[in-house]
Amino acid sequence: DLSQQDMRNFMYGQNDARNGHTMLYNQLGGFAFGLGTTLALDGGAVPFLTPLAYSLGMQIPVIRVKEPAVSNLEATLSPYYLEGYNATARSKKFVQGFLSTMAGVVIGSGIVLLSD
């Protein structure tokens, strides 16, 4: 049961995370991890578990609100803003990490198949 202002703050957090939170390092790291794991294990079915492992492992670091992403500075004082921001940023981080790691695994598998 949130008040109208608390719900607005929650939604500000969601929108700011959706529009302004970027995770380029997460994507590059996921791609490198997927590609490296596939090449190290010489292909097979085991590397296809790495996207899930990487995405779950990347849920541990803290999500920080970045100032360029903030649309309403007053809303950042509310704990509901942080809840909305964290929920959206974490799900976005999981999906982007999973997809980039899967791309690394697929490209690595293609390299292994072509080199044989």
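Modeller: Happy to. Let's begin with Asp42, which sits in the loop between α2 and α3 (50-57). Before going on: this is a predicted model, where local features need pLDDT of at least 70, side-chain atom pairs count only at pLDDT 80 or more, and totals for chains, interfaces and linings use all residues. Residues are numbered from 1 along each chain as its sequence is written, and side-chain values use heavy atoms, with hydrogens and water left out.

Colleague: Why is Asp42 called exposed?

Modeller: Exposed means over 50% relative accessible area, buried means under 20%, and partly exposed is in between, with a 1.4 Å probe and protein chains only. Asp42 has 54% relative accessibility, so it counts as exposed. Its phi is near 60 degrees, a positive value in a residue other than glycine.

Colleague: And what makes Arg64 exposed?

Modeller: The relative accessible area of Arg64 is 59%, so the label is exposed. Arg64 belongs to the loop between α3 and α4. Its C-alpha is separated by 8.3 Å from that of Asn86, 22 residues apart along the chain.

Colleague: Why does Gly13 count as buried?

Modeller: Gly13 has 0% relative accessibility, and therefore it counts as buried. It is part of helix α1 (residues 4-20); helices are DSSP runs of H or I with at least four residues, numbered from the N terminus. The C-alpha atoms of Gly13 and Glu83 are separated by 7.3 Å, though the two are 70 residues apart along the chain.

Colleague: How do you know that Tyr81 and Tyr85 are stacked?

Modeller: Rings of Phe, Tyr and Trp (its six-membered ring) pair if their centres lie within 6.5 Å; planes under 30 degrees apart are stacked, over 60 edge-to-face, and the rest tilted. This rule gives 3 aromatic pairs. For Tyr81 and Tyr85, the centres are 6.1 Å apart and the planes are at 25 degrees, so the pair is stacked. The two are 4 residues apart in helix α4, so about one helical turn separates them.

Colleague: Are those two tyrosines buried or exposed?

Modeller: Both Tyr81 and Tyr85 are buried. For Tyr85 the relative accessible area is 1%, which is why it is called buried.

Colleague: How does the span of helix α4 compare with what is expected?

Modeller: Helix α4 (residues 79-115) has 37 residues and reaches 53 Å from its first C-alpha to its last, close to the 54 Å expected. The expected span is 1.5 Å times one less than the number of residues. At the start of α4, a side-chain oxygen of Ser78 comes to within 3.1 Å of the backbone nitrogen of Tyr80.

Colleague: What classes of residue line the largest pocket?

Modeller: The lining has 7 nonpolar, 3 polar and 3 charged residues. Here Ala, Val, Leu, Ile, Met, Phe, Trp, Tyr, Cys and Pro count as nonpolar, Asp, Glu, Lys and Arg as charged, and the others, Gly among them, as polar. Helix α2 (residues 24-40) gives the largest share of that lining, 3 residues.

Conventions
A polar contact is a pair of N or O atoms within 3.5 Å; within protein, one must be able to donate a hydrogen and the other to accept it, and residues adjacent in sequence count only if both atoms are side-chain atoms.
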